[in-house]
Amino acid sequence: MTQSQTVVRKIRATPVHDFLTDVIAGLGGSPKSLPCKYFYDAAGTELFDRICDLDAYYPTRTEIGILNQHAREMAWLIGPRARLVELGSGSSTKTRILLDQLPDLDAYVPVDISPEYLARATRELARDYPGLRVVPVVADSTKTITLPKGERAARTVAFFPGSTIGNLEPEQARDFLHVVAGLCQGGGGLLIGIDLKKDRRMLEAAYDDDQRVTAAFNLNLLARINRELDGDFDLGAFRHRAFYDEAEGRIEMQLVSLRRQSVEVGESVFRFDEGEPITTEYSYKYEVGGFAELAKSAGFTCVRIWTDDRRLFSVQYFGVERRKKA
Ligand code: AVJ
């Protein structure tokens with residue numbers, strides 16, 4: 001294989017999670033919960049793309065604005081012959097802004113939980129960036145990340161846009177960052193998008209839009225359980241709720257049972273009281289410096305922080321010391 005060829009590795013269809021096991025554990029718990037990673041089937045992915053286009057959902061366009069404005073500086077920090085590993089790559093839209101400034105990348109390694117999404121993004125990138133080596137990896141990047149060997153690369157830089165790290169509780173986020181620091185040790189780095197704390201009204205409007213797209217996105221989780229796990233959720237008997245928990249610094253999304261009811265999922269039965277919530281997602285918001293502190297505690301050094309004029313969102317670049325701290 002030469003560097004100038006576009007190489008698209010075959011995507012392995014290894015199961016990355018056990019949906020049924022996680023649903024039974026989550027609905028059997030008290031309080032009830034479901035992991036947010038299961039939002040992203042084909043229907044959920046489409047709904048998420050619509051969320052990103054909503055006026056009320058400021059993170060996507062704000063982050064894209066920051067990337068557009070500072071892409072050259074970001075590319076300079078990423079440096080020559082780097083291997084760019086994107087965690088939760090989705091459609092790779094934001095990556096293109098960086099790729100346009102990185103003609104000498106060693107490889108682009110998109111890591112995503114959805115094989116379908118990954119296959120499409122890889123095809124489209126291969127078409128638009130001839131000469132770019134694209135090495136897709138199907139994985140739940142918040143669990144274990146096993147990367148192909150990258151001995152040709154001068155360094156590994158992780159790209160984690162979208163404030164997706166906000167789904168993790170700060171302690172899990174730190175553990176995750178520590179793993180990423182391990183991947184990027186030896187002069188690499190991390191370019192990460194972080195949503196910022198702000199006015200409650202603006203936050204809540206972003207997660208409870210009046211076009212009800214986020215509500216449909218949330219409820220699709222129950223529809224997906226019905227489709228894939230032989231569930232009998234009555235979608236009309238649950239309501240989307242999203243609120244900012246200021247003490248915890250996070251948006252919490254729930255599906256609230258509108259009545260006392262029982263729901264079957266495969267062989268299991270779950271009882272709900274009227275008003276009982278299922279927590280479906282946390283989305284943590286950070287202070288600019290607060291996140292940098294968290295990253296430092298995971299072994300990173302803060303190099304550069306960019307924000308928009310209104311300080312709604314930030315993109316942060318961290319380096320990793322040559323020798324990883326324990
Ligand atoms: C993809 C996790 C960054 O938390 O803002 C959007 C997901 N949920 N609207 C977020 C989401 C509801 C999103 N992340």
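**A close look at the helices**

Modeller: Let's start with the bend: α3 has a kink of about 70°, centred on histidine 70. Keep in mind that this is a predicted model.

Now for the packing. Two packed helices are described by the angle between their axes and the distance between the axes. Take α1 (residues 19-28) and α8 (residues 213-229): their angle is about 130° and their axes lie 11 Å apart. An angle over 145° would count as roughly antiparallel, so α1 and α8 are oblique to each other. Their crossing is left-handed. On the α1 side you'll find Phe19, Leu20 and Val23, which meet Arg224, Ile225, Glu228 and Leu229 of α8. Sorted by class, that contact has 5 nonpolar, no polar and 2 charged residues.

The other pair is α6 (residues 170-183) with α9 (residues 288-297), packed at about 50° with axes 8 Å apart. These two are oblique as well, but the crossing of α6 and α9 is right-handed. Here Pro170, Ala173, Arg174 and Leu177 from α6 meet Phe291, Leu294, Ala295 and Ser297 from α9. By class, this contact has 6 nonpolar, 1 polar and 1 charged residues. As for the spacing in such lists, an α-helix has 3.6 residues a turn, so residues three or four places apart point the same way.

Methods. Residues numbered from 1 in each chain as written. Predicted model: local features only at pLDDT ≥ 70, side-chain atom pairs only at ≥ 80, totals over all residues. Heavy atoms only, no water. Bend = angle between axes of the 7 residues up to and from the residue. Helix = DSSP H or I, 4+ residues; strand = E, 2+ residues; numbered from the N terminus. Axes fitted to C-alpha atoms, helices over the stretch in contact; angles between N-to-C directions. Parallel < 35°, antiparallel > 145°, perpendicular 65-115°, else oblique. Left-handed = near helix turned anticlockwise from the far one by under 90°. Contact = heavy atoms within 4.5 Å. Nonpolar A, V, L, I, M, F, W, Y, C, P; charged D, E, K, R; others polar.
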